[in-house]
Amino acid sequence: MASFLFKILGKVRGRIKCSECGKYRVIYGRHKLSAAQENLIKRAEEEVFYVCGTSAQELFPTKKVPFVLKEGQNCLSVIETTYYAGIVK
Ligand SMILES: [Zn+2]
């Protein structure tokens with residue numbers, strides 16, 4: 001299951017904090033995030049107010065986003081703690 005996800009979405013590249021429940025959600029990408037992309041995610045946390053289940057495209061409607069946020073989650077979904085250890089920088 002996990003390896004299937006990695007094939008489709010890439011590896012875990014970072015995380016973003018939900019402004020409602022405060023849980024961290026995993027960001028997947030085929031490629032390593034650039035500094036600019038990491039800044040975008042930071043800004044989204046601080047200004048756009050990411051909420052569980054928002055897609056990367058909804059978060060950055062004017063940009064082509066090279067990374068993926070798992071959709072179909074909500075604030076009650078369990079955190080994917082097992083993936084945190086695998087964040088690849
Ligand atoms: Zn949430």
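Strands E2 and E3 (residues 67-69) run antiparallel and are joined by three bridges. Strands (E, at least two residues) and helices (H or I, at least four) are DSSP runs, numbered from the N terminus. This is a predicted model: local features need pLDDT of at least 70, side-chain atom pairs count only at pLDDT 80 or more, and totals for chains, interfaces and linings use all residues. Residue numbers start from 1 along each chain as its sequence is written.

**Overall make-up**
- The protein chain holds four helices and three strands.
- Along the sequence, the elements follow the pattern α-β-β-α-α-β-α.
- The protein chain has 89 residues, of which 17% count as buried (20 or more other C-beta atoms within 10 Å of the residue's own; exposed means 12 or fewer, partly exposed in between; C-beta atoms are placed from the backbone).
- Among contacts in the protein chain with a separation of 6 or more, 53% link residues 24 or more positions apart (a contact means C-beta atoms, placed from the backbone, within 7 Å).

**Sheet**
- The three strands form an open sheet in the order E1-E2-E3, with antiparallel pairing (strands pair if DSSP finds at least two bridges between them).
- E1 and E3 stand at the edges with a single partner strand each, so one side of each has no neighbour in the sheet.
- From one strand to the next, the twist averages 35° (axes are lines fitted to C-alpha atoms, for helices over the stretch in contact; angles run from 0 to 180 degrees between N-to-C directions).
- E1 (residues 11-17) and E2 (residues 24-29) run antiparallel, joined by six bridges.
- Arg 15 has Val 26 in E2 as its bridge partner.
- On the E3 side, Tyr 28 stands opposite Val 68, and Gly 29 stands opposite Phe 67.
- The hairpin of E1 and E2 has six residues between the strands, and Gly 22 there takes a positive phi near 80°.

**Helix H2**
- H2 (residues 35-48) has 14 residues and should span 20 Å at 1.5 Å a residue; its end C-alpha atoms are 19 Å apart, which agrees (the expected span is 1.5 Å times one less than the number of residues).
- H2 lies across E1, E2 and E3, at about 30° to E1.

**Nonpolar core**
- The largest nonpolar core has 11 residues: Val 12, Ile 16, Cys 18, Val 26, Ile 27, Ile 41, Tyr 50, Cys 52, Ala 56, Phe 67 and Leu 69 (a core is a set of buried Ala, Val, Leu, Ile, Met, Phe, Trp, Tyr and Cys residues joined through C-beta atoms within 7 Å).
- E1, E2 and E3 each supply at least two residues of this core.
- Not counting residues up to four places away in sequence, Ile 16 touches Tyr 24, Arg 25, Ile 27, Ile 41, Ala 44, Glu 45 and Tyr 50.

**Glu 20 and Cys 75**
- Glu 20 sits in the loop between E1 and E2, and counts as exposed because it has 12 C-beta neighbours inside 10 Å.
- Cys 75 sits in the loop between E3 and helix H4 (81-84), and is exposed, with 12 other C-beta atoms within 10 Å.
- Glu 20 and Cys 75 are 55 residues apart along the chain, with 7.4 Å between their C-alpha atoms.
- Beyond neighbours within four places in sequence, Glu 20 is in contact with Val 51, Cys 52 and Cys 75.
- Cys 75 touches Cys 18, Glu 20, Cys 21 and Cys 52, again leaving out residues up to four places away.
- The C-alpha atoms of Cys 75 and Gly 22 are separated by 8.7 Å, at 53 residues apart along the chain.

Notes: Two residues are in contact if their C-beta atoms, placed from the backbone, lie within 7 Å.
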